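Visitor: Before we go through the labels used here, please show me the model they refer to.

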Amino acid sequence: MKKENDSLDQLFEKFENQWDVQELNPDHQADFLNKLNNKKQPVRKNYWFVTAIAASIVLMLGVSLFYKNEKPKEFKFASKETQRTDSIFSILIENELVKLKEKSSPENEQIINDALKQMKVFDADYQKIINELQKNGENKQIIYAMISNLQTRISFLQTVLKRIEENENLKNTTDEKTL
């Protein structure tokens with residue numbers, strides 16, 4: 001402890017005449033309080049214009065992303081019933097795909113990848129049907145093929161989900177004995 005005090009004493013001796021010891025004028029405190037009380041309010045700049053431009057840019061980007069992600073399938077020659085049927089089935093298929101992707105795990109990875117490959121085949125077939133619909137117009141065979149493809153996709157996804165659940169249940173019940 002004594003060494004520390006000695007080194008501090010030496011430090012103070014070394015800088016003895018270099019300290020700032022100027023005394024403040026007696027009105028220093030009053031001047032400080034006056035400056036503090038008379039402090040101007042910060043000038044608030046009007047950023048409304050800049051904010052409006054930024055909001056417009058964000059809105060335009062959002063809208064462009066929304067339309068870019070939308071499927072480009074249009075039924076120029078299809079009736080409202082056909083369009084409605086397609087949209088209902090498409091929603092059901094998307095829901096089943098979401099369920100399938102939620103089941104993703106290392107054990108189910110191969111099943112899910114194979115199912116997604118098969119869905120691409122169904123999508124390609126469906127696109128051919130839509131092209132035929134636009135080319136030749138609606139007839140019973142094309143509408144039947146469209147609905148059949150949509151139903152096949154849904155039942156396929158449901159079957160895959162059922163198999164995944166069976167595999168999960170089988171792994172959970174491997175310790176049980178059967179008679």
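Guide: Start with exposure: buried means under 20% relative accessible area, exposed over 50%, and partly exposed in between, with a 1.4 Å probe and protein chains only. This is a predicted model, in which local features need pLDDT of at least 70, side-chain atom pairs count only at pLDDT 80 or more, and totals for chains, interfaces and linings use all residues. Residues are numbered from 1 along each chain as its sequence is written, and side-chain values use heavy atoms, with hydrogens and water left out.

Visitor: Why is Glu 13 called exposed?

Guide: Glu 13 has 57% relative accessibility. The cut-off for exposed is over 50%, so Glu 13 counts as exposed.

Visitor: What is the place of Glu 13 in the chain?

Guide: Glu 13 lies in helix α1, residues 2-14. Helices here are DSSP runs of H or I with at least four residues, strands are runs of E with at least two, and both are numbered from the N terminus. By that rule the chain has 6 helices and 0 strands.

Visitor: What makes the negative surface patch?

Guide: Asp 6, Asp 9, Glu 13 and Glu 16 form that patch. Patches are made of residues with over 30% relative accessible area and no salt bridge; like charges are joined within 9 Å, and nonpolar side chains (Val, Leu, Ile, Met, Phe, Trp, Tyr) within 5 Å. Asp and Glu count as negative, Lys and Arg as positive, while His and the chain ends are not counted. The place of a charge is taken as NZ of Lys, CZ of Arg, CG of Asp or CD of Glu.

Visitor: Which residues make the nonpolar surface patch?

Guide: Leu 8, Leu 11 and Phe 12 make it, with about 290 Å². Accessible areas come from the Shrake-Rupley method with a 1.4 Å probe, and for residues only the protein chains shown count as cover. Leu 8 is found in helix α1. Its relative accessibility of 44% makes Leu 8 partly exposed.

Visitor: How do you know that Glu 96 and Lys 99 form a salt bridge?

Guide: A salt bridge is a side-chain nitrogen of Lys or Arg within 4 Å of a carboxyl oxygen of Asp or Glu. The N to O distance for Glu 96 and Lys 99 is 3.5 Å, and their side chains meet in a salt bridge. By this rule the count comes to 4 salt bridges.

Visitor: How are Glu 96 and Lys 99 separated in helix α4?

Guide: Being 3 residues apart in helix α4 (residues 80-102), they are separated by about one helical turn. Glu 96 is buried because its relative accessible area is 9%, whereas Lys 99, with 42%, is partly exposed.

Visitor: What does Glu 96 contact beyond its neighbours in sequence?

Guide: Contact means heavy atoms within 4.5 Å. Leaving aside neighbours within four places in sequence, Glu 96 is in contact with Leu 157, Gln 158 and Leu 161.

Visitor: What makes Arg 153 and Asp 123 a salt bridge?

Guide: The N to O distance is 2.5 Å, and the two side chains meet in a salt bridge. Arg 153 lies in helix α6 and Asp 123 in helix α5, so the pair ties together parts that are 30 residues apart in sequence. Arg 153 counts as buried because it has 7% relative accessibility, while Asp 123, with a relative accessible area of 38%, is partly exposed.

Visitor: How do you know that Lys 103 forms a salt bridge with Glu 168?

Guide: The closest N and O atoms of Lys 103 and Glu 168 are 3.9 Å apart. Lys 103 is partly exposed at 25% relative accessibility, and Glu 168 is partly exposed with a relative accessible area of 29%. Lys 103, Glu 165 and Glu 168 are linked in a network of salt bridges.

Visitor: Why is Ala 115 counted as buried?

Guide: Ala 115 counts as buried because its relative accessibility is 1%. This residue is found in helix α5. Not counting residues up to four places away in sequence, Ala 115 touches Leu 100, Phe 156 and Val 160. The C-alpha atoms of Ala 115 and Val 160, 45 residues apart along the chain, are separated by 7.2 Å.

Visitor: How many of the residues count as buried over the chain?

Guide: Of the 179 residues, 18% count as buried.
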